[in-house]
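Visitor: I am new to this structure and would like to be walked through it slowly, please.

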Amino acid sequence: MNNGIKNNTNIKVEKRVSIIDRTLRRLQENWRSIVIIIPFVWLLMFFLFPFFIVAKISLAEMKIASPPFTSMVEWADGGIVTIRIVFDNFLYIINDSLYIDTYLNSVKIASTATVISLLLGYPIAYGIVRSGPVAKPILLFMVILPFWTSFLLRVYAWMGLLADQGTINSLLISLGVINEPIQMLYSEFAVYVGIVYTYLPFMILPLYANMEKLDGSLNEAAADLGSKPTNTFFKVTLPLTMPGVIAGSLLVFIPASGEYVIPDLLGGGNVQMIGRVLFNEFSRNTDWPVASAVAIAMLFLLVFPIIIFQHYQGKAAEGN
Amino acid sequence: MYGKRSKFLTVMVTIGMAFFYIPMILLVIYSFNYSKLVLVWGGWSTRWYKVLFESEEVWAAVNMSLKIALVNATFATILGMLAALSMVRFGKFRGRTLFGGMLVAPLVMPEVITGLSLLVMFITLKQFFGWPENRGFATITIAHITFSMAYVAVTIQARLTGMGQSLEEAAADLGAKPFKVLTSITIPRLTPALISGWLLAFTLSLDDLVIASFVSGPGANTLPVLIFSRIRLGLRPDINALATIIILVVAVCIAIAALIMFRQQKRDLLDQQLAEREK
């Protein structure tokens, strides 16, 4: 009887030791899981979790307090839990024409800038691909180089070029083309220039990578069969470079539609874009629930281009 | 694919390069303007450089930005490497799709949304755990690591897929344990990608304005936050001087990197020739 109890505790102790031992051994064997868990947990904590909080706040009401919103779950007396979900913020966005207009304006500006970047970037990328072995790496390097200098200062450079007394206006006046300076800074035009200037390398690089892989003999074959260069371009080259066109366009469109710095510095108060409204809503009005609702709405705007982009990225990765 | 470059393409490439570089050249020229008004030429001078170097605010911001960039680049490279290894070398595991999604999403997420959600999270954390007390170095660094590690992971993933697994398999055949293979074969072979990932994370952090403005508190300025607060009100000659210095530093660093790469290539070529001669 006594012996039996002793045995039992012994077994328990042994069991516990063996569990510790086993976990240690398992960790040693499963170092792979540790490798996965560290970045995984980081992203869950600092990337995914914040979005849930934003989604939660977008369904709350504004309150003059810190933090300035009501909590969703409240413990009433007697342990009753009340859950408050308010869709007012979304209704407010939909009913206020400011948000709808800004939304549409962002899409318009981003897509127009994407088309301009494509029209400029395509021939530049093609020209670089067709350059000699010495010029090619230098030109490619020159496209990448601006990326390493400050984005903010590149936008700032255009403030000096586009201002009323700026370089372009002074040049045009001294050439006698115009008498009065044209207002270019703080206009939609300036925002287009800024976006195209900043994001053109993002258009050129995927196009270049795509064109570099093209087989030149296809063009020769088309020419041998009597196709004119223009015809060959539209029937052979352009269809083959479509993956590059799509990747480049999305790489311009997605960041451009959420842009804050460019409309703020070059557009002044005259150009409303959703990223800028969101920033101001947050910092000046401190209406967090509405700002969070704008953020959620903005995500919906971008969710399709992002999915398309990831789809193509996945395909390209498989192709490699 | 080399070929004839038509006149049209040559013109477009020239216009493109002019478009990229003329604004920056003008920025540099105006930094040597004596006049307080950037666009009114008042003769050559280096007075704005002096103003810049004497500004304590600027030095504090430079210091802050460099510290954040260094810590960020190191952590982002480690986390990015772990993430890339998980995605490329470990086959299927539970949550892989979610993991891959979270890893790519920061690349395409608008900065305002990332910044907003991180700020809201820090405030919630403070409410429940009393941390972070003040927003500044720690919060900006955490935010930067989160988005830079995605860029690093992409760089390293590309290298991992590109270099194939034959050496690793050979080591395993010779009896090396998987962990040994990782530390003595895979990671050393990743060195070039790790270096470029680190540099990328470093520049991304130095360049970030929007996310830093969201997650920094009063008094904790990074360099872009400081620059932005000044140029919002218009052109400033000292900012032109600052821009010139940044362009110069970048140019020198890139020239050194190009030189090292060129030497390495030359050495590789020599090695190849020697190897062939020995045959």
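**Domains, chains and contacts**

Visitor: Into which domains is chain B divided?
Guide: The bounds come from an automatic or database domain assignment. On that basis chain B is divided into domain 1 (18–47) and domain 2 (55–241).

Visitor: What do the numbers and letters rest on, and what kind of model is this?
Guide: Residues are numbered from 1 along each chain as its sequence is written, while chains are lettered from A and ligands numbered from 1 in the order in which they are written. Local features need pLDDT of at least 70, side-chain atom pairs count only at pLDDT 80 or more, and totals for chains, interfaces and linings use all residues, as this is a model that is predicted.

Visitor: How many residues of domain 1 of chain B are in contact with domain 2 of chain B?
Guide: Two residues are in contact if their C-beta atoms, placed from the backbone, lie within 7 Å. The centres of the two domains of chain B, taken over C-alpha atoms, are separated by 34 Å. On the domain 2 side 5 residues take part, and on the domain 1 side the number is 7.

Visitor: Which element of chain A gives the largest share of the side that touches chain B?
Guide: Contacts link 76 residues of chain A with 69 residues of chain B. Helices here are DSSP runs (H or I, at least four residues), as strands are (E, at least two), numbered from the N terminus. The largest share, 18 residues, comes from residues 31–58 of chain A, which form helix α2.

Visitor: How many helices does chain A have?
Guide: Counted as such runs, the strands of chain A number 2, and its helices number 14.
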